[in-house]
Structure formats: C-alpha cells, structure tokens
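Trainee: Could you take me through a close look at a single part of this model, with the criteria behind each term spelled out?

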Amino acid sequence: MATKASIPVRSASATAPVGATLSPSSPRRRFTSARTALAVGVAVGSLALGAAGSAQAASVATWEKVAQCESTNNWSINTHNGFYGGLQISLYNWRYYGGTAYASRPDLATERQQILIAEKLLADQGAGAWTCSPGTGLATDHSNPYPDPAPTPAPPAKNNRVIEAVEGGALHEVYTDNSGTWHDNAVPGVPGGIDAVAFAYNASGQRVVEAVEGGTLHEIYTDAAGNWYDNAVPGVGGGISALGFAYNPSGQRVIEAVENGTLHEIYTDTAGAWHDNAVPGVGDGISAVSVQVKPDSTRVIEAVENGTLHEIYSDTTGTWHDNAVPGVGGGISALGFAYNPSGQRVIEAVENGTLHEIYTDTAGTWHDNAVPGVGGGISAVSVQVKPDSTRVIEAVENGTLHEIYSDTTGTWYDNAIPGQAGSATALSFNLA
C-alpha cells in the first residue's frame with residue numbers, strides 16, 4: 001500500500017458527507033500511514049517533484065512482485081478500502097501524480113499505466129511507500145520499466161466537464177457526456193436563493209458542493225446511488241458571500257469563506273465535527289477566494305482584497321501569511337486558481353470585466369496577461385489545468401456559460417455552451 005509517514009491514514013471512522021458510505025480498510029493488511037484519497041476543486045496532473053527516496057525506478061518484474069503481495073497481482077482490484085489496482089495506490093496519489101490522464105482510478109487503468117504512476121510515487125516517496133516492498137527488490141532495482149517513452153494517452157473520458165452552476169438562483173448541473181454533448185439539469189431537492197458555489201469530488205467519486213444559500217453555508221452532495229442531499233452546515237456564522245473548497249490529504253473538507261468581509265476557515269475534523277475560525281492576520285475587504293490544499297496540508301488561497309490580488313497561505317507551523325501579488329493590476333472581481341503540472345500557480349482572474357491569466361514562472365516571478373480573443377462582461381470563472389498544461393476555463397459572460405480553453409499551441413478559444421438559458425451568476429467545475 002502506498003504510504004507516507006507524515007500524513008495519517010484515513011480509517012474506517014473518517015468522515016464523509018451525511019448519506020455517503022465509507023468502506024472499512026482491508027483486514028488483510030495493516031497500514032501505518034497513507035496519503036488518502038482527495039478530490040480537489042482542481043485536478044492538476046502530475047507535479048514535477050524532487051525525489052524523496054533513494055529508489056528512482058524499478059523493472060516490471062519487480063513491480064509485479066510488489067503487486068503479488070499487495071493485491072495478488074490483480075491489477076483491476078477495488079475492495080473499497082481506499083486503495084486501488086495492482087499496486088494499491090490511493091485515489092489521492094493517483095490524482096496527485098497525474099494518473100487521471102489514463103483513468104479516473106488506478107483499477108480502471110492498465111498495468112503499464114499503474115506502473116508509470118507508481119514510478120512517480122517511488123521517485124517522490126521511496127520504496128517505503130509500499131508496505132510490501134521489503135524482499136521485492138523495489139529499493140535496489142533502479143531499472144527503467146519501459147525504456148521507450150510511453151505514448152501520450154489519448155484524451156480519455158475524464159475530459160468530460162462537470163459544472164455546478166447557479167442559474168436564476170437555483171443549482172444546476174451542466175455537463176458533457178462521452179460524445180461531447182452538453183446537458184443542463186436542475187439539481188433536485190435544492191431550494192433557490194443560492195449565491196455562490198464551490199465543488200469537488202470526494203474519495204468515492206460523489207459530487208460535494210459547498211453553497212451559500214441566503215448567506216448561510218449548505219453542503220449539497222450525492223450519495224452512491226446518485227441521490228442529492230442539501231444540509232445546512234452546523235455552527236457556521238452567516239453573512240457568507242464567497243467561498244473556495246478543497247479536500248485535505250486526510251479527506252476532510254476545507255472551506256475558505258468570506259464572512260462579512262473577513263476570511264474564515266471552515267473545516268471538518270476526523271470525527272466529522274465542523275469548525276469555523278477566522279483566519280488571523282488577513283486584511284478585510286475580501287470579495288472572492290479560491291483555494292488549493294497541498295500534500296503537506298498547507299493551504300494556498302488566492303483572494304481579492306479591495307480589488308487587488310493577494311496570496312494568503314499557511315506554512316507548516318500553522319502560521320498564516322497575506323501578501324499582495326506583485327505586478328498585478330487592480331479592479332479584480334472574480335478568480336479561479338489551480339496548479340500546472342510543474343507546480344506553478346495559474347490564476348484566471350476578471351480584471352475590469354476582462355479575463356486575465358496571472359501566473360508564476362519557474363523562477364517564482366509573477367506575470368499578468370490579458371487572455372486574447374475572449375469577450376468582456378465576465379462575472380465568474382473556474383479553471384482546471386490538464387496534464388499537458390492546457391487550461392480549461394468555465395466562465396459566465398453576460399449571464400451565459402462559456403468555455404474558454406487553450407490548445408497545445410497556446411491559442412485561446414471562447415465558445416458559448418449550447419442550451420443555456422442565459423441566467424447564470426456563479427459556477428464551479430471539475431474534469432470527470
């Protein structure tokens with residue numbers, strides 16, 4: 001099982017939205033620690049990470065020895081214990097190291113694809129990430145399992161887009177099917193009056209939407225059967241106007257919310273209890289936020305403070321920092337934020353109604369460029385960065401949903417999503 005000592009395992013008692021079922025861990029094997037499944041409000045592909053262990057590669061034969069111990073060489077196994085496939089890779093690690101370029105879960109990918117992702121995990125975490133590694137040669141093998149470069153995978157079904165959008169104050173799910181056709185369905189059982197939404201997948205692949213309904217925080221989610229639920233989040237203050245949402249590596253929900261103009265962190269603990277704390281040392285006048293949770297559980301928030309872009313983040317000691325982003329124009333009203341495969345920040349921001357891409361380069365320098373060929377009147381944006389570094393943005397332009405994206409040559413496109421009524425005000429999206 002792929003583990004990491006600094007992050008506790010998500011046990012059978014870990015929390016999930018009410019109505020969602022957690023399966024117990026396999027009784028066959030003990031686990032001391034793990035990176036557990038994470039459905040981040042953004043899928044960033046495989047990050048370029050430095051090696052944390054001595055082993056950098058292993059032959060197919062060695063990986064099959066590990067798989068024999070982990071799963072009896074069953075590369076399509078899914079026992080609902082939070083680990084998948086022949087090498088028992090968690091959904092969090094699969095997504096973090098770019099596995100969704102092949103399939104949504106390890107057990108749905110080929111043996112070769114699982115090994116290619118395991119190679120990245122091995123380079124980052126070392127052979128100790130697998131409890132079965134002793135005696136397999138994983139720590140000493142250093143062979144390239146596939147000496148020829150692996151072909152770039154064809155765009156899989158996960159390139160389908162799923163948007164949770166507010167249309168006329170009501171929650172709608174707007175999505176593409178495998179043929180590329182768009183659908184727009186009202187979410188059943190959810191009252192109107194929604195002002196803001198943030199959306200992520202949980203470890204079981206169900207949709208979890210954190211929404212502002214009449215100024216209060218609600219959690220709207222599906223269970224395994226596809227039924228929708230809408231529950232007010234207990235113990236959270238009112239006056240919420242904006243929010244960002246992600247899962248931490250242990251599977252708890254982390255929401256960064258603007259309550260009466262100040263930033264609050266709302267989160268669940270391992271017992272499922274909710275907490276609402278003001279973030280210390282952060283200025284007032286916040287109007288928009290987007291958050292990512294890093295593998296070490298530190299949070300990075302891109303926020304609009306009085307129209308200017310600020311980066312608010314926690315370090316490993318829990319201390320918060322609030323810095324204005326240099327070289328960025330004012331007049332920002334909305335933004336979406338993700339990491340690219342090389343670990344740089346990519347922010348799609350609305351500056352005076354037009355779309356700008358704000359990003360860091362490999363030296364950490366910030367850049368602010370207007371996105372060419374995109375119409376004005378943008379009021380809301382949400383972004384995902386694909387493994388090939390192309391960006392997909394879902395935006396509200398003059399009340400209608402638009403998909404704005406770049407191709408591999410860097411050319412931008414702006415297309416209205418067909419079948420929309422023209423009353424959208426907010427949205428959040430993921431690739432599926």
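Mentor: What follows treats the disulfide and then a threonine. This is a predicted model, in which local features need pLDDT of at least 70 and side-chain atom pairs count only at pLDDT 80 or more, while totals for chains, interfaces and linings use all residues. Residues are numbered from 1 along each chain as its sequence is written, and side-chain values use heavy atoms, with hydrogens and water left out.

With a disulfide taken as a pair of cysteine sulfur atoms within 2.5 Å, the count comes to one, and C69 and C132 form it with their sulfur atoms 2.0 Å apart. The angle about the S-S bond is -60°, and the link of C69 and C132 is left-handed. Because C69 lies in helix α1 (residues 60–71) and C132 in the loop between α3 (111–125) and β3 (161–167), the pair ties together parts that are 63 residues apart in sequence; helices (H or I, at least four residues) and strands (E, at least two) are DSSP runs, numbered from the N terminus. Buried means under 20% relative accessible area, exposed over 50%, and partly exposed in between, using a 1.4 Å probe and protein chains only, so C69 at 34% counts as partly exposed, whereas C132 at 7% counts as buried.

Turning to the threonine, T176 lies in strand β4 (residues 170–176) and, at 4% relative accessibility, counts as buried. Leaving aside neighbours within four places in sequence, T176 is in contact (heavy atoms within 4.5 Å) with N160, R161, T181 and W182, and the side chain of T176 reaches the backbone nitrogen of R161 at 2.9 Å.

How values were computed
Polar contact = N/O pair within 3.5 Å; in protein donor to acceptor, adjacent residues only side chain to side chain.
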